[in-house]
Amino acid sequence: MIHVREGKGRKDRDVLLSPKLLEELRKHWHRLRRKTSDWLFPGNRWHTANNPIDAKMLYHACQGAAKRAGLNRAIHPHTLRHCFATHLLEAGADLRTIH
């Protein structure tokens with residue numbers, strides 16, 4: 001699980017974390033030039049800022065991934081949340097736990 005502090009609506013959330021994603025996040029952390037105590041994804045071009053990446057950077061990352069995947073429609077970060085929730089629901093998760 002990942003604990004997200006002050007996400008959308010300034011709410012804390014717990015998010016599922018697969019073993020594969022955990023390994024990728026560890027690799028990302030080891031590649032960072034400067035480790036911050038506050039952010040897993042620090043801002044600026046070199047990922048060394050004392051502030052987090054912004055929503056615009058996430059949007060562009062989604063657009064780039066959609067293009068590389070050959071998708072012809074606009075993909076937004078929130079699209080990923082909807083898809084994930086749909087997969088959980090189809091796998092039998094309780095609707096009340098998906099929020």
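**A colleague's note on the predicted chain**

1. Let me start at Arg 31, which is exposed, with a relative accessible area of 59%. The cut-off for exposed is over 50%, so Arg 31 falls in that class at 59%. The residue lies in helix α1.

2. The chain has a mean pLDDT of 87, and 99% of its residues reach 70 or more. Among the elements, helix α1 has the highest confidence, at a mean of 93, while strand β2 has the lowest, at 84.

3. Now the overall layout. The chain has 3 helices and 2 strands, and from the N terminus the order is β-β-α-α-α. Taken along the principal axes, the C-alpha atoms fill a box of roughly 40 × 30 × 30 Å.

4. How much of the chain counts as buried? Of its 99 residues, the figure is 12%. The chain exposes about 8,400 Å², and carbon and sulfur atoms supply 57% of that area. Turning to contacts between residues at least 6 apart in sequence, 6% of them join residues at least 24 apart. I would keep these values in mind when looking at the pocket described next.

5. The largest pocket holds about 2,500 Å³ of space. Its lining has 47 residues, and those closest to the pocket centre are Ile 2, Val 4, Val 15, Phe 41 and Leu 58. By class, the lining comprises 26 nonpolar, 12 charged and 9 polar residues.

6. Which elements supply at least two residues each to that lining? They are strands β1 (2-4) and β2 (13-15), together with helices α1 (19-31), α2 (55-68) and α3 (77-90).

7. Is Arg 10 buried or exposed? With a relative accessibility of 68%, Arg 10 counts as exposed.

8. My last stop is Gly 64, in helix α2. Buried means under 20% relative accessible area; Gly 64 has 21%, so the residue is partly exposed. For another distance to check, Gly 64 and Ile 75 are 11 residues apart in sequence, with 9.2 Å between their C-alpha atoms.

Note on methods: Residues numbered from 1 in each chain as written. Predicted model: local features only at pLDDT ≥ 70, side-chain atom pairs only at ≥ 80, totals over all residues. Heavy atoms only, no water. 1 Å grid on protein atoms, 1.4 Å probe; cavity = no way out; pocket = protein on both sides within 12 Å on 5 of 7 lines; lining within 4 Å. Points joined across faces, edges and corners; volume = space filled by probe spheres on them. Helix = DSSP H or I, 4+ residues; strand = E, 2+ residues; numbered from the N terminus. Nonpolar A, V, L, I, M, F, W, Y, C, P; charged D, E, K, R; others polar. Buried < 20%, exposed > 50% of the residue type's maximum accessible area, 1.4 Å probe, protein only. Contact = heavy atoms within 4.5 Å. Areas by Shrake-Rupley, 256 points an atom, 1.4 Å probe, with all protein chains shown as cover. pLDDT = per-residue confidence, 0-100.
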